Amino acid sequence: MNAVSILSTLEFGVVFGMLALSMYSALSTGLLSMASIMFAGCGAFLFAQLTDGLGWPPVLVLLCAAAIGGVAAIVLSALLLHLESHYIAMATIAIVLMTRVAVLNLPAVTGGVNGTPILTELSPLYIAGALLVAVWVFARLRRSRYGLASELAREDTTVASTLGVNIRWLRTVSFIISGCVGGLVGALLASLYGYIDADTFSMDLAFTALAAVVLGGAFHWLGPLIGGVVFTILPELLRGWFERADQLVDGVILVVIMIFLPRGLVDPLRWKQLVRRLRGRGEPGDGMPAGPAAAEPAQRTATEAIGS
Amino acid sequence: MELLFQQLLNGLSLGSVYAIFAIGFGLIFANMGILNVAQGSYATWGVIPTYLLSRAGVPLWIALPAGLAGAALIGLLAEWLAFKPLRDRNAGMLGSIIIAVGIWIILLALGEIVLGPNPSAMPSGAFPSVPLDVLGLKIPPIFLLNWVALAVVAVGLTLFLSRTRFGASIRSVGFKADSAAIVGVDTRVVLSVTAMIAAAIAGLSGILYSFTANNVSFTVGEGLMLKGFAAVVIGGFGNVKGAVVAGVAIGVIEALTQQYLSSTFRDAITFGLMLLFLVVRPQGIFGELKASRA
């Protein structure tokens, strides 16, 4: 691998990671949403119109892409968030498939069947900048009242609403964040791909992003980013094995992780337990080294925590 | 006028296939608590054995059951290898959706490996294709098969669930698995059989669809899953009557849109209708049969 292809792989890894981050934002309040793909589609085609069509400066366009993703998220949340969480999941899958139909039927904006070539190529600095902003936002949110409320809402919506958390509002906010990140990712993806059409924003992309979130873990913003990088490198390594190998691996990893490591790779709770256990062993005079660990409540699985 | 009636017939035929799929989709949701997004790929995996056998010259009365058995086997494997281990961990519904997405990805990729990327069609001799002429309307024999199949599946499943002992076990496990186990229902067997029935129904709809639309490809199930989901949303989850009415209605609406508006609008209208129902009446026309299930 030469330096150019390493840089390009890294760029894709970061952008896929941010797409997974968009899905994570919804998942962190207990919503499984594939709508990130639709937000990305909005951002991407807006990017094409504004940079190549009107020649706007990239920073402004990226902001607009994030904004249009956010607006799309507001519309969707008004339509969908009153539903039970499993209906929302299925409805967002339908929305990904409708995105394809919409792209094909709006040739004035999207180029229809022919797609849209992207002439502007952003420098990697923009991707790095977007990543820094996203990480800063998510790190701040995690320590905020919002972060606390969303963790609670995901563990148990009834408890959360009893304690005065407005679940509907919380989920709307998480959806809008998901939309803004998604729109931004769409613009970055457009510049990376150099060509976008109806098949760019397909179920395959949703599958990859979901696999990245599940592998990395949906309990810390670092998880989706790591998952995104892994799922960019993995297809590169598998290339040439046999056809569709990367897809198969996506699916197998999803199933295996959900059964054997349901909280994903990056799991703050497990770290805390590990640290506590190590400390418990390190203390002299402690007769029961396994004591603190045994006193720990049974570890909740991701799916339990995500909410049934 | 004749064109209108012909399109109505086409719609009724395609709609029956959607309805069959929706029945299977609703069955697994109502009785196993799984929103099985992999159901579409079960349909594809029902088509694959039938297609391969028909191409090898095997008559349909062997190839069709082989397809159903293939789909049922896939459903059983998915239940044993993925859904059951997850259930043993007491996972919630979102966990099972994620697992189902994993199965969907795997089956889709395997389907493309077996069938190749390009669509083909069932061999021409596999099923009689000379249309019957009734009052100037053309009715291909496959239309009759679709209608008969829908009637058999809808009536058969309703009777099976409501009149037989095993049907009662299925409903009791769907209502509350722990209580069912206490009164002596072997939940493992019941869940495995339910998964197989639902998968075989999906396989049947896939096979009928590929004959009706004259299309065999690894993406056959994708379209069916969306139409099926739309039908289930519009008709109400776990409700056989709702699935039948909504599925047939979607088929008719599609056929008429294609004829009088444009074929590109076809999917948009189905999905628009589904979104409308999700927003305005998420329990569907006939409501979710939760209270009366057990």
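User: At what angle do helix H1 and helix H5 of chain B pack?

Analyst: This is a predicted model, and in it H1 (residues 2-32) and H5 (residues 141-163) of chain B pack at an angle of about 30 degrees. Their axes are 9 Å apart.

User: Does that make them roughly parallel or oblique?

Analyst: Angles under 35 degrees count as roughly parallel, so H1(B) and H5(B) are roughly parallel to each other. Their crossing is left-handed.

User: Which residues make the contact?

Analyst: From H1(B) you have B:Leu9, B:Asn10, B:Leu12, B:Ser13, B:Ser16, B:Val17, B:Ala19, B:Ile20, B:Ile23 and B:Leu27. H5(B) brings B:Phe143, B:Asn146, B:Trp147, B:Ala149, B:Leu150, B:Val153, B:Ala154, B:Leu157 and B:Leu161.

User: And how many of those are nonpolar, polar or charged?

Analyst: In the contact of H1(B) with H5(B), 15 are nonpolar, 4 are polar and none is charged.

User: Which of its residues are buried, and what do they pack against?

Analyst: The buried ones in H5(B) include B:Pro141, B:Ile142, B:Phe143 and B:Asn146, and B:Leu157 and B:Leu161 are among them too. The buried residues of H5(B) pack against H1, strand S2 (137-139), helix H6 (165-175), helix H8 (187-212) and helix H10 (240-260) of chain B.

User: You mentioned H6. Is B:Ser169 in there buried or exposed?

Analyst: B:Ser169 lies in helix H6 of chain B. Its relative accessible area is 15%, so B:Ser169 is buried. Not counting residues up to four places away in sequence, B:Ser169 touches B:Val185 and B:Val190.

User: Now a loop. Where is B:Arg89?

Analyst: B:Arg89 sits in the loop between helix H3 (60-88) and helix H4 (93-115) of chain B. B:Arg89 is partly exposed, with a relative accessible area of 34%.

User: What about phi of B:Asn214?

Analyst: Phi of B:Asn214 is near 55 degrees, a positive value in a residue other than glycine. Most residues other than glycine have a negative phi. You'll find B:Asn214 in the loop between H8 and H9 of chain B.

User: Let's cross between chains. How do H4 of chain A and H9 of chain B meet?

Analyst: The axes of H4(A) (residues 85-105) and H9(B) (residues 220-235) come within 11 Å and cross at roughly 130 degrees. That makes H4(A) oblique to H9(B). The crossing of H4(A) and H9(B) is left-handed. A:Met90, A:Ala91, A:Ala94 and A:Leu97 of H4(A) make the contact with B:Met225, B:Leu226 and B:Phe229 of H9(B).

User: Over to chain A. What do the buried residues of H3(A) pack against?

Analyst: They pack against helix H2 (36-53), H4, helix H6 (124-142) and helix H9 (167-193) of chain A, together with helix H11 (265-280) of chain B. Among the buried residues of H3(A) are A:Val61, A:Gly69, A:Gly70 and A:Leu80.

User: And how do H2(A) and H9(A) pack?

Analyst: At an angle of about 50 degrees, with their axes 6 Å apart. H2(A) and H9(A) are therefore oblique to each other, and their crossing is right-handed. Residues meeting there include A:Gly43 and A:Phe47 in H2(A) and A:Gly182 and A:Gly183 in H9(A). By class, the contact of H2(A) with H9(A) has 7 nonpolar, 8 polar and no charged residues.

User: Last one: how far apart are A:Leu21 and A:Gly182?

Analyst: They are 8.5 Å apart, C-alpha to C-alpha, and 161 residues apart in sequence. A:Leu21 lies in helix H1 (residues 3-27) of chain A and counts as buried at 0% relative accessibility. Leaving aside neighbours within four places in sequence, A:Leu21 is in contact with A:Ala134, A:Phe138, A:Trp221, A:Pro224 and A:Leu225.

How values were computed: Residues are numbered from 1 along each chain as its sequence is written. Chains are lettered from A and ligands numbered from 1 in the order in which they are written. This is a predicted model: local features need pLDDT of at least 70, side-chain atom pairs count only at pLDDT 80 or more; totals for chains, interfaces and linings use all residues. Side-chain values use heavy atoms; hydrogens and water are left out. Axes are lines fitted to C-alpha atoms, for helices over the stretch in contact, and angles run from 0 to 180 degrees between N-to-C directions. Helices (H or I, at least four residues) and strands (E, at least two) are DSSP runs, numbered from the N terminus. Angles under 35 degrees count as roughly parallel, over 145 as roughly antiparallel, 65 to 115 as roughly perpendicular and the rest as oblique. A crossing is left-handed if the near helix is turned anticlockwise from the far one by less than a right angle, and right-handed if clockwise. Contact means heavy atoms within 4.5 Å. Ala, Val, Leu, Ile, Met, Phe, Trp, Tyr, Cys and Pro count as nonpolar, Asp, Glu, Lys and Arg as charged, and the others, Gly among them, as polar. Buried means under 20% relative accessible area, exposed over 50%, partly exposed in between (1.4 Å probe, protein chains only).
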